[in-house]
Amino acid sequence: MNRYTWVFGFAWICISPTIVSSTSWAMEDSLWANKVFSWVPSQVHFVGDFEISWDNTDGYSTLRVFHQTDPNRELWSTRTGESFVQAKKTSFQAHEGRGSFTIEMDIQSSLTVQTVSYLYSTYDTLFVGGRLFSSDFSSQAYYFLYFEEQEDGHLRFISIVWDDDCDDGFCIENYNQIGLTYSSSADERFLGFGEQFSFLDLKGHVVPILTEEGGIGRGRQPLTFLMNLGGTGSGGTAYTSYASIPHYLTSLNRSLFLESSEYCIFDLSDDDSVRLTVQAPWVVGRILYGSTPLELIERYTQYAGRMKALPDWLNEGAVVGLQGGTKALYENWRKLQEHDTPVAAFWIQDWSGIRKSIVGSQVWWNWELDEDHYSDWTELRADLEEADIRIMGYVSSMLVDASLKGTFERNLHDEALERELVVHKDNGDPYYVQGVFFDALMLDLTNPETRVWFKDILKTELIDRGFSGWMADFSDALPFDSLLHNRQDAATFHNLYTESWAQVNREAIEEAGREGDIIFFNRSGSTRSPRHSTLFWEGDQLVTWDEHDGFKSAIVGLISGGLSGMSLNHSDIGGYTAIDLIFLRLFRERQLFYRWAEANAFTAVYRTHEGNRPKQNHQFYSDDESLRHFARFAKVYRALAPYRRDLMLEAETKGYPLVRHPYLEFPEDPKVLELRYQWMLGSEMMIAPVTNKWDDEVSLY
């Protein structure tokens, strides 16, 4: 019998009708909605090193959590007299389109009146239980809230809602959304939630937790409007993220995260409360204790995992993103040599071939070397090895039909179809995920055969051919109505798919015996992705300066992600997405490239990307001055290698991010919470890049 079964069975015994008598309430709806009622007297329970107090004075109840090391500091509490567990019956749909999701949810009934019938403590655990009622008392269900100390500084909580309106007496399907409400304060700042690109302080916001495409525009108009015309949700919002994570820490040195992977919302719009809803009849999470913000991150990454130090070769120069084949690589290599540019690797994302579309150049998603595009591969590989320069490539969790390309050795799309290694629809048909101009199959990572098959591709097509790393793209588009091999609910597995994708890439490296030498970088992630990922990158930003989806947003995302365990992260120098419409043209400018290169020299990795429109975007090779500037900051990056090694050791042993919000180092200074585009590299360097096009200088606090 596992822990969940034991907990659930215990709670049913405690609050079944034979133990707890029902109570009739004949009162006005408006008087009792969102209220908690209890006759359980005030009491204190000790759960490991945590202290949980129940204060029931004059019928106004409050549940509070403290740690015995610091007994006067409240870590978590309910709102006095207000229900802290709620449940709803909803119709919920998540519609996927090009990796973006639109949520449709109708509330059919709500249980917002709560009774607390008992508090029961045993074996360093605490159960709180009772019933939930609708405001007119026509519907009811049972609930429990369970606490245990999972490890030092981790108070785990589980809450489940069920009713007995079925044959076996246990119905957890009827109420498919659970809510927790707890207190905050007006001046409490909320940081984290994974990569949040628009805001560092999320107080006052409603934050959805869903891994998906970041969107193009994300509020920049008219671009966002135009993108949404092409596909609902494609423009994104201020909260769409490749790596949205249900974790935060606050300016009051409080922290909480969820183990639950289902879609959820943190509503921080009220000054004095947090309203959390999870699209499931249960929620599992942890309240953390730490004396400093860095200690809270250390506690959090005990669960999320910690990223290992990057290999030394990556630390010694630029990762130069190039497309165009062998000839183009040699030509640009020569230009870099003329300026004595330190180069760690050439990243050739078009190693498998290139296809053209109206949005620019895109890679052929058939993961084998295109030797027409990259001719004389053996000679090229030998030349780079002699110069101590690595080769990096690109893969994704998607496959397209290579017969449309014409030349190929293996059509991986057909192989995967024949062996049923891809995600399917409910009717048994393969599920094609819609792209901009072509559709693709998505690997079913719940199938052990899929994982073995794809790891073999990574080893034979990339590692054996001399690649020392690759971009591991996508993994954020799993439709909620997918049929998976292991029959797991796709809505529950959607965010977990990103973790599984990173795990498959990591295992391929380990099985090849190249752990610590080969890396991959992925954009999508969830709570435990740092456990498997070797490096993150921030996905696709616009080639603009703006705070919605451009340079400024990349800085915010970098700082924010570091608070949630993404300790090794970086962005494309200059951004990725260029726009070429008749009435809207956005291409990378020289000045933007310069400022972005300067900023990225003070991050984990110094890497370029030509973007989706290489010919229109300004590149490091566009002119001699740009080559000099790029070389200069590649040397700055290389000069910081010894310092970064120390920081990466901290990341590996403690989970500390390389790029840090100044609050982590100066938690007593309230002014640092106002800083948006300023960060610290470790504990010793404060960085403030120029982020406006017409500025020549910037103020640093």
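L294 is found in helix α4, which covers residues 293–304. In this predicted model, L294 is buried, with a relative accessible area of 12%.

**L294 and its surroundings**
- Not counting residues up to four places away in sequence, L294 touches Y656, L664 and E665.
- L294 and D624 are 330 residues apart along the chain, and their C-alpha atoms are separated by 43 Å.

**Helix α11**
- Helix α11 spans residues 590–600 and is largely enclosed by the rest of the structure, because 9 of its 11 residues are buried.
- The buried residues of α11 are L592, F593, Y594, R595, W596, A597, E598, A599 and N600.
- Among the elements that cover these buried residues are α10 (551–563), α12 (624–639) and β34 (679–681).

- S396 is found in strand β24, residues 390–396.
- S396 counts as buried because its relative accessibility is 0%, and buried means under 20%.
- A polar atom of the S396 side chain lies 3.1 Å from the backbone nitrogen of M398.
- Not counting residues up to four places away in sequence, S396 touches W365, W367, F454, D473, F474 and W501.
- W365, leaving aside its neighbours within four places in sequence, is in contact with Y394, S396, M398, L399, V400, F438, A440 and F474.

**Nonpolar cores**
- The largest nonpolar core holds 135 residues, of which F346, W365, W367, F454, W470 and Y606 touch the most other members.
- Helix α9 (residues 490–511) contributes the largest share of this core, 8 residues.
- A second, separate core of 48 residues includes V65, W76, F84 and F147.
- As general background, nonpolar side chains tend to be buried together in soluble globular proteins.

**The open sheet**
- Four strands form an open sheet in the order β2-β3-β4-β5, with antiparallel pairing.
- The edge strands are β2 (43–47) and β5 (76–77), each of which pairs on one side only.
- Strand β4 (residues 60–67) runs antiparallel to β5, and 2 bridges join them.
- V65 stands opposite W76 in β5, and V65 and W76 are both included in the second core.

Key: Residues numbered from 1 in each chain as written. Predicted model: local features only at pLDDT ≥ 70, side-chain atom pairs only at ≥ 80, totals over all residues. Heavy atoms only, no water. Buried < 20%, exposed > 50% of the residue type's maximum accessible area, 1.4 Å probe, protein only. Contact = heavy atoms within 4.5 Å. Pairing = 2+ DSSP bridges. Polar contact = N/O pair within 3.5 Å; in protein donor to acceptor, adjacent residues only side chain to side chain. Core = buried A, V, L, I, M, F, W, Y, C linked by side-chain atoms within 4.5 Å.
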